[in-house]
Amino acid sequence: AILTGMQCCLLFLGQKFLVSEVTLKLLDRLCLCNPRGASFHYSMFKEVKSVPNFREERLHRGRVKSKSYHYCKLLSTFPLAKENGVKRVIAMSDIHSMTPEVVDWLITKGRITPQTVVLTTGDMAGAGRLGQDGDPLAEYHRLKDAALALYFVQGNHDDYNPKALDLVNDDGTPCCVHGQVIPTVLGTIGGVNGIVVSEEHVDGSKHKFSQTDYSAQYREVLTGAPDIMLTHQPVTREEVGATIHLFGHAHCDVDYACHDEERLQLNMDGRVFQFE
């Protein structure tokens, strides 16, 4: 089963979960937290440094949410990068209204260059406060123009804009990977936009789908056997079909990676990852 937004609010503390609207039956299937701790010393994803309080975004009633920046090993995660001329991968999600500032920083600091591939999984715009909708088209253009390639899916706070779906990289590959699997310099990448909502809240213009429609889209993409899967919505362990699954949307502030010896799931909500 695909999880709804409220079902994704998990916090891992020691050996206990504090959960909101998650049934006990689902607990052993969730992939949002890393029960082995946050050291990440395993074969694929090797985080070497984390910089907290990278940026802060205003929330309701004066609260703020920090956007964090993480330095990671490139080749242990994306083994095809070097042979295809990729020096760096920047991956991020749910930057919301801070997206213009973060994109400015990434470009001016030389983190995004013509040897960088950028991956984003939604909610990359806003109107000044977390949770507000916005059109990320202008930031997509800036990312695409500065990078070797941009690949993305959209979230429930990204305004629908057909021009975003028509963006193409210099090598001819589509930037938006929703509903397809495409060959790239990192391997094949597939993706699905949006989230699952109850039937009364379904709205295709906001990338909000019913359980049935979302599951059908997701499974159709998996038939293409992508190496890397981009979604905004998290999925359960049984639904993972790619070696690397990047997602956002899930507000889990402590542990944000789940792995075994062959697969990596990474919750990028409010985070920027630099693989180099």
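**Helix packing, nonpolar cores and salt bridges**

R142 is partly exposed, with a relative accessible area of 28%. This value, like the others reported here, comes from a predicted model. The side chain of R142 meets that of D104 in a salt bridge, with an N to O distance of 2.1 Å. The two residues belong to distant parts of the chain, D104 to helix 2 and R142 to helix 3, and are 38 residues apart. D104 has a relative accessible area of 36% and is therefore partly exposed as well. Together with E139, D104 and R142 are linked in a network of salt bridges.

The axes of helix 2 (residues 99–108) and helix 3 (residues 137–146) are 10 Å apart and form an angle of about 10°. Angles under 35 degrees count as roughly parallel, and helix 2 and helix 3 are therefore described as roughly parallel to each other. On the side of helix 2, the contact involves T99, P100, V103, D104 and I107; helix 3 contributes E139, R142, L143 and A146. By class, this contact has 5 nonpolar, 1 polar and 3 charged residues.

Buried residues in helix 3 are L137, E139, Y140, L143, K144 and A146. Besides helix 2, they pack against strand 5 (88–93), strand 6 (116–120), strand 7 (149–152) and helix 4 (162–165).

The largest nonpolar core has 28 residues, and F78, L119 and F275 have the most contacts inside it. Elements giving two or more residues to this core include strand 5, strand 6, strand 7 and strand 16 (271–275). When neighbours within four places in sequence are left aside, the contacts of L119 include F78, V89, I90, Y151 and L246. Another core, of 25 residues, lies apart from the largest one; V102, W105, L137 and A146 are among its members.

In total, 7 salt bridges are counted. One of them joins the side chains of R88 and E276, at 2.8 Å from N to O. R88 lies in strand 5 and E276 in the segment after strand 16, 188 residues apart. The relative accessible area of R88 is 6%, so R88 is buried, whereas E276, at 39%, is partly exposed.

A salt bridge is also formed by D159 and K206, whose closest N and O atoms are 3.0 Å apart. D159 lies in the loop between strand 7 and helix 4, and K206 in the loop between strand 10 (195–196) and strand 11 (208–209), so the pair ties together parts that are 47 residues apart in sequence. D159 is partly exposed, with a relative accessible area of 24%, and K206 counts as partly exposed at 22%.

Technical notes
Residues are numbered from 1 along each chain as its sequence is written. This is a predicted model: local features need pLDDT of at least 70, side-chain atom pairs count only at pLDDT 80 or more; totals for chains, interfaces and linings use all residues. Side-chain values use heavy atoms; hydrogens and water are left out. Axes are lines fitted to C-alpha atoms, for helices over the stretch in contact, and angles run from 0 to 180 degrees between N-to-C directions. Helices (H or I, at least four residues) and strands (E, at least two) are DSSP runs, numbered from the N terminus. Angles under 35 degrees count as roughly parallel, over 145 as roughly antiparallel, 65 to 115 as roughly perpendicular and the rest as oblique. Contact means heavy atoms within 4.5 Å. Ala, Val, Leu, Ile, Met, Phe, Trp, Tyr, Cys and Pro count as nonpolar, Asp, Glu, Lys and Arg as charged, and the others, Gly among them, as polar. Buried means under 20% relative accessible area, exposed over 50%, partly exposed in between (1.4 Å probe, protein chains only). A nonpolar core is a set of buried Ala, Val, Leu, Ile, Met, Phe, Trp, Tyr and Cys residues joined through side-chain atoms within 4.5 Å. A salt bridge is a side-chain nitrogen of Lys or Arg within 4 Å of a carboxyl oxygen of Asp or Glu.
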